[in-house]
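I opened my notebook and listed what to look up. The entries follow in the order I made them.

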Amino acid sequence: MTVVVTGASGFIGTQVTQALLARGERVVGLDRVPPTVAGDGFETLHVDLAAPHAEAFDALRAADAVVHLAARPGVRDCSPRIELRRHMDNVVATAQVLAAVPLPVPVVVASSSSVYGGSRRGRPSREDDRLRPRGGYARSKVAAEQRCAARAAAGGAVTVVRPFTVVGDGQRADMALARWIVDARAGRPLVVYGGLARRRDLTDVRDVVRAVLALLDRGARTTVNVGSGVGHSLAEIAAAVGDVVAPVTVEVVPLPVSEPDETLADTRRGAATFGFVPTTDVLDVVRRAASSAGDAEHLRLVS
Ligand code: NAD
């Protein structure tokens, strides 16, 4: 089977690619930056998916399955022209990918838990909840989901996954956990937005990989949370960084309006659809994030 993985050079894409190669699939990685993995059966095309590109179109049209992970993540990104760049990478690129893949071919598309705008008073977010996106990133993911809904309405195969804060080896350098690890090593206070009592549902990147592969194999046509179903306080996560890296102090700063106070996944649909059993262990993911953050290659900054 040939699987096209978009965003194959990114945090999650690297691990999805490795898992597919490990089980003998042929993988075509589409990304605008070079991959960090190599291997038999892996080829890459360096493309901007938001722009028409004949070779990328051909690869997508010929694929047996597609995992669309390419996007501009980062809820706090406030770089110049960020709204336009998000629109191109999160909405236009998704539309181009979906348009290129024949309707019967399964496509798994990464959306985000950000579409919920947070959980309320400890109630886990369910896939059929009303969406309340809080900032530009979340809105762009809602718009990308609308493109997926149009494919589904036309009879196309598509699965939307909504990952909750993904953590583990090769952690993105702009994410809080990676920054905290760098700050702890440097003896600087960890910057905490909004206070230590806030809670996040953390998802081991290995669970995300398992989920994506299981959904591909089943050709599922649904929208599904990929989270742990457990809320961890920022105090607990900071303490884990302290245990793994070095003793920490914290500096609490105001919470941006684009960020929810707490996130929590309802994981029942995942359990019913593909037997999802989340396995996130905070200390273990912090250890793996810290050991990969020792490798400068993994500390890619978002372009
Ligand atoms: P990442 O930034 O590490 O990887 C994204 C990759 O997409 C990058 O390699 C980038 O070069 C590529 N890309 C972006 N725009 C492109 C374009 N127009 N053309 C070609 N390549 C392009 O991000 P990640 O953390 O691996 O996230 C993967 C997906 O999962 C994204 O859709 C993200 O929104 C979603 N997601 C991630 C998390 C998380 O916690 N990491 C949580 C929820 C959702």
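**Entry 1: the ligand**

I began with a rule: a polar contact is a pair of N or O atoms within 3.5 Å. Within protein, one atom must be able to donate a hydrogen and the other to accept it, and residues adjacent in sequence count only if both atoms are side-chain atoms. I then found an oxygen atom of the ligand 3.1 Å from a polar backbone atom of Leu69.

I noted what I was working with: this is a predicted model, where local features need pLDDT of at least 70, side-chain atom pairs count only at pLDDT 80 or more, and totals for chains, interfaces and linings use all residues. Residues are numbered from 1 along each chain as its sequence is written, and side-chain values use heavy atoms, with hydrogens and water left out.

An N or O atom in the side chain of Asp48 is 2.9 Å from a nitrogen atom of the ligand. For Asp89, a polar side-chain atom lies 2.9 Å from a nitrogen atom of the ligand.

How much of the ligand does the protein bury? Taken alone, the ligand exposes 820 Å², and the protein buries 94% of that. These areas come from the Shrake-Rupley method with a 1.4 Å probe; for residues, only the protein chains shown count as cover.

Helices (H or I, at least four residues) and strands (E, at least two) are DSSP runs, numbered from the N terminus.

I set the burial terms first: buried is under 20% relative accessible area, exposed is over 50%, and partly exposed is in between (1.4 Å probe, protein chains only). Contact means heavy atoms within 4.5 Å.

Thr17 sits in helix H1. Is Thr17 buried or exposed? Thr17 counts as buried because its relative accessibility is 0%. Leaving aside neighbours within four places in sequence, Thr17 is in contact with Val5, Ala8, Val27, Val37 and Phe42.

Thr44 lies in strand E3 (residues 42-46). Thr44 is partly exposed, because its relative accessible area is 33%. I found Thr44 touching Gly29 and Pro35, not counting residues up to four places away in sequence. Thr44 and Gly29 are 15 residues apart along the chain, and their C-alpha atoms are separated by 4.5 Å.

**Entry 2: helix H5**

I listed the buried residues of helix H5 (residues 176-186): Leu177, Ala178, Trp180, Ile181, Asp183 and Ala184. What do they pack against? I found strand E7 (166-167), strand E8 (190-193), helix H7 (234-244) and helix H9 (282-293). Just after H5, Gly187 takes a positive phi of about 75 degrees.

**Entry 3: positive phi in two arginines**

Most residues other than glycine have a negative phi. Arg81 has a positive phi of about 55 degrees although it is not a glycine. Arg81 is in the loop between strand E4 (65-68) and helix H3 (82-100). With a relative accessible area of 61%, Arg81 is exposed.

Arg121 also has a positive phi, near 45 degrees. Arg121 is in the loop between strand E5 (107-110) and H4. Its relative accessible area is 82%, so Arg121 is exposed.

**Entry 4: a loop residue**

Where is Leu255? Leu255 is in the loop between strand E13 (250-253) and helix H8 (268-274). Leu255 counts as partly exposed, at 29% relative accessibility. Leu255 and Gly194 are 61 residues apart in sequence, but 4.3 Å apart in space, C-alpha to C-alpha.
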